[in-house]
Amino acid sequence: MERTRSTHGFGYGVVATVAMSTVMTFGVLSGLSPIPEPIPKAIVTSVLGITAPKPLVVGLAVGLHLIYGGAFGALLARFTPAVTILKGIYLGVTLWLLVQLGVLPVLGWGVFGTTVTPRIAATTLALHLVYGVVLGWTLDRNSTRVRTPGSTGVN
């Protein structure tokens, strides 16, 4: 059975999210990151108000992050005829801006994380660039195998 562009986009969005999360986790665990806790975990505990054992909270945070990253990968693949690394970067920067202007203030970290440290903005930008580059590269690299729904040719 042939996969659609959206399905490929979701899968590669998950791959890009794993790459981004790997860098984020290394930064947090090594103490190099200025982020007080991973943003997906902060969303689960602060925004959603879920109080549960730590493994459950972390599992939920990881799951939500993968779904979110996959969904945006699916949207990029579905609505962009030719995905490139640059288009992946544009998406990554757009998502970064949404986090900076919407999510971080809700977490109490301020716009661009300024109530914690301005370094959060640069760190999260780097993470979203990892997401964008990996997503754009994998979709661009595999575009010849992905068909647009209803098409008879290969894109």
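Val-106 sits in helix 4 (residues 85-107). Helices here are DSSP runs of H or I with at least four residues, numbered from the N terminus. Val-106 counts as exposed because its relative accessibility is 57%. Exposed means over 50% relative accessible area, buried under 20%, and partly exposed in between, with a 1.4 Å probe and protein chains only. The model is predicted: local features need pLDDT of at least 70, side-chain atom pairs count only at pLDDT 80 or more, and totals for chains, interfaces and linings use all residues. Residues are numbered from 1 along each chain as its sequence is written, and side-chain values use heavy atoms, with hydrogens and water left out.

Val-106 also belongs to a nonpolar surface patch with Val-47, Leu-48, Leu-60 and Leu-64. Together these residues have about 410 Å² of accessible area. Such patches take residues with over 30% relative accessible area and no salt bridge, and nonpolar side chains (Val, Leu, Ile, Met, Phe, Trp, Tyr) are joined within 5 Å. Areas come from the Shrake-Rupley method with a 1.4 Å probe, and only the protein chains shown count as cover.

The largest nonpolar core has 21 residues. Ile-39, Leu-104, Trp-109, Tyr-131, Leu-135 and Leu-139 touch the most other members. Helix 1, helix 2, helix 3, helix 4 and helix 5 each supply at least two residues of this core. A nonpolar core is a set of buried Ala, Val, Leu, Ile, Met, Phe, Trp, Tyr and Cys residues joined through side-chain atoms within 4.5 Å.

Helix 2 (residues 39-47) has Ile-39, Pro-40, Ala-42 and Val-44 as its buried residues. These pack against helix 1 (5-30), helix 3 (54-79), helix 4 and helix 5. Gly-49 follows helix 2 and has a positive phi, near 70 degrees. Beyond its neighbours within four places in sequence, Trp-109 is in contact (heavy atoms within 4.5 Å) with residues including Glu-37, Ile-39, Ala-42 and Leu-104.

Glu-37 also pairs with Lys-41 in a salt bridge, at 3.2 Å from N to O. The count comes to one salt bridge, defined as a side-chain nitrogen of Lys or Arg within 4 Å of a carboxyl oxygen of Asp or Glu. Glu-37 is partly exposed, at 21% relative accessibility. Lys-41 is likewise partly exposed, at 22%.

Thr-138 lies in helix 5 (residues 119-141). Its relative accessibility is 7%, so Thr-138 counts as buried. The Thr-138 side chain reaches the backbone oxygen of Val-134 at 2.8 Å. A polar atom of that side chain lies 3.1 Å from the backbone oxygen of Leu-135.

Conventions. A polar contact is a pair of N or O atoms within 3.5 Å; within protein, one must be able to donate a hydrogen and the other to accept it, and residues adjacent in sequence count only if both atoms are side-chain atoms. Patches are made of residues with over 30% relative accessible area and no salt bridge: like charges are joined within 9 Å, nonpolar side chains (Val, Leu, Ile, Met, Phe, Trp, Tyr) within 5 Å.
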